[in-house]
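Good morning, colleagues. Please take a moment to look at the structure on the screen, and I shall then go through a few of its residues in turn.

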Amino acid sequence: QWHDEITKWAPGLRVLVNHSSHNDRKELEKGRLNDSLRDYDVIICSPNTRLGGRSILQHPELRFHRLIVDEAHVTRGAADRFLSESETCRGGTHKQEYVPRFDSCWLVTGTPFTTGLSQLKLGAESIAWWGRLRPYDGGLNPQKFSKVADLLRSVMIRHTKDQQIHGARALALPAMDMRTVRLDLPQAARAGYEQIRATCAAKVRQRVGVLKQLHLEMDLGLVRRACADTLPAATPAGVSQDYRRRPTPFIPGVPTTAKLDALRDDLRKVRSQEPHAHCVVFTEHKQSHAMIVEMLKNEQAWTVVGLDGQTQVPKRHAAIRDFQKFEKTPKVLVVTLRAGAVGITLTAATRLYLFEPCLDPSHEIQAAGRVHRLGQLKDVHIVRFVYKQTIEDAICELHDKVRANQIQIIDGTYSTRALR
């Protein structure tokens with residue numbers, strides 16, 4: 001989408017897009033540059049892009065005014081190697097044949113840091129700054145916040161939607177509102193749910209002191225999938241095998257649930273008021289993603305596209321580009337949270353649905369930011385579905401306590417006492 005945004009906001013720039021596909025690599029691996037390549041103002045490529053067998057950053061025939069690393073919080077895989085090469089060739093213990101061919105480097109991310117300073121490690125190392133932050137990693141507490149903040153201010157620029165420049169709001173966006181729809185868990189499923197809940201709660205109680213967010217997600221994974229109306233991957237001992245999705249009147253032969261019914265009904269209402277509506281549905285679970293796509297396609301009233309972690313990059317870009325087009329047809333984009341909560345623009349949508357609450361409140365902020373961002377011209381409405389008297393109710397309460405500063409997420413951990 002960088003290409004689309006540049007075309008929209010800076011149409012005079014000449015842009016080359018290289019995704020390191022087979023054909024792209026075939027041309028670049030020849031190691032030869034022609035005049036047409038040098039004529040581009042912007043080269044958009046993946047961290048895997050090689051030119052003549054070496055990183056494009058180290059090629060002696062190229063020099064860039066600025067290197068921009070998007071989603072710089074990613075610290076694994078190709079992005080890791082990309083910045084590691086940049087740091088290595090900057091100097092140090094290993095002699096390098098070439099130095100980086102760029103004048104400045106921007107590490108850009110819109111993702112909140114919630115698991116600790118380690119999320120900054122890769123970017124900090126690339127600018128030789130990690131040594132100053134390392135003493136605070138793994139043991140951050142409120143008393144050290146001010147010292148860390150002072151260090152980060154010297155190398156980090158933070159922009160917010162409420163930021164003002166010379167007394168005026170820097171980014172004037174339409175209004176955004178959020179409502180939570182609380183649903184009754186079907187009585188037939190209550191007994192099975194309570195057994196699963198008890199099993200997961202016992203895992204949390206066994207932990208003492210502080211609890212890493214990753215461990216909390218693992219401990220509560222099964223009960224959260226149950227609330228997402230998906231079949232558990234494994235059923236704890238003693239839980240009835242009859243615990244399944246409970247059908248309600250819908251389309252013969254198509255199973256549905258209270259959440260699916262609520263989503264379907266709200267979408268129908270939106271379509272009646274806005275015949276060409278564009279909507280986005282986020283869910284954390286692959287099974288619920290498949291259920292939602294199936295239900296909406298059976299409605300035969302929407303153009304439905306599903307994106308998940310298995311969607312190939314070209315198809316992903318094409319789907320998003322088609323969704324962003326204004327056409328006189330209602331569209332719904334169903335996305336898994338991991339696949340679509342960061343790095344994409346969905347400003348064609350005016351309504352966003354969260355099929356379940358996210359354990360980390362920053363993930364909900366990120367999802368909303370796909371729609372409520374630069375380029376949005378209409379008010380945005382967010383709907384979150386929650387089952388009453390379940391773990392989802394507890395997660396919403398946790399969000400309220402975090403916002404009220406009654407519970408602090410420090411270095412990616414929760415206090416187990418606070419969670420109880």
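I begin with lysine 331, which is buried, its relative accessible area being 5%. Please bear in mind throughout that this is a predicted model. Lysine 331 belongs to strand E13, which covers residues 331–336.

What does the side chain of lysine 331 make a polar contact with? The partner is the side chain of glutamate 327, at 2.9 Å. Setting aside neighbours within four places in sequence, lysine 331 is in contact with several residues, including Ala277, His278, Cys279, Trp302 and Phe323.

I turn now to two residues in loops. Histidine 166 is not a glycine, yet it has a positive phi of about 55°. Histidine 166 sits in the loop between strand E7 (164–165) and strand E8 (168–169). Is histidine 166 buried or exposed? Histidine 166 counts as exposed because its relative accessibility is 85%.

Glutamine 389, also not a glycine, has a positive phi of about 55°. Its place is the loop between strand E15 (380–387) and helix H16 (391–403). With a relative accessible area of 64%, glutamine 389 is exposed.

Finally, a helix. H11 spans residues 258–273, 16 residues in total. From its first C-alpha to its last, H11 reaches 23 Å, close to the expected 22 Å. Among the buried residues of H11 are Leu260, Leu263, Arg264, Leu267 and Val270. Asp261 and Asp266 in H11 are buried as well.

Thank you; I welcome your comments.

Methods:
Residues numbered from 1 in each chain as written. Predicted model: local features only at pLDDT ≥ 70, side-chain atom pairs only at ≥ 80, totals over all residues. Heavy atoms only, no water. Helix = DSSP H or I, 4+ residues; strand = E, 2+ residues; numbered from the N terminus. Expected span 1.5 Å × (residues − 1). Buried < 20%, exposed > 50% of the residue type's maximum accessible area, 1.4 Å probe, protein only. Polar contact = N/O pair within 3.5 Å; in protein donor to acceptor, adjacent residues only side chain to side chain. Contact = heavy atoms within 4.5 Å.
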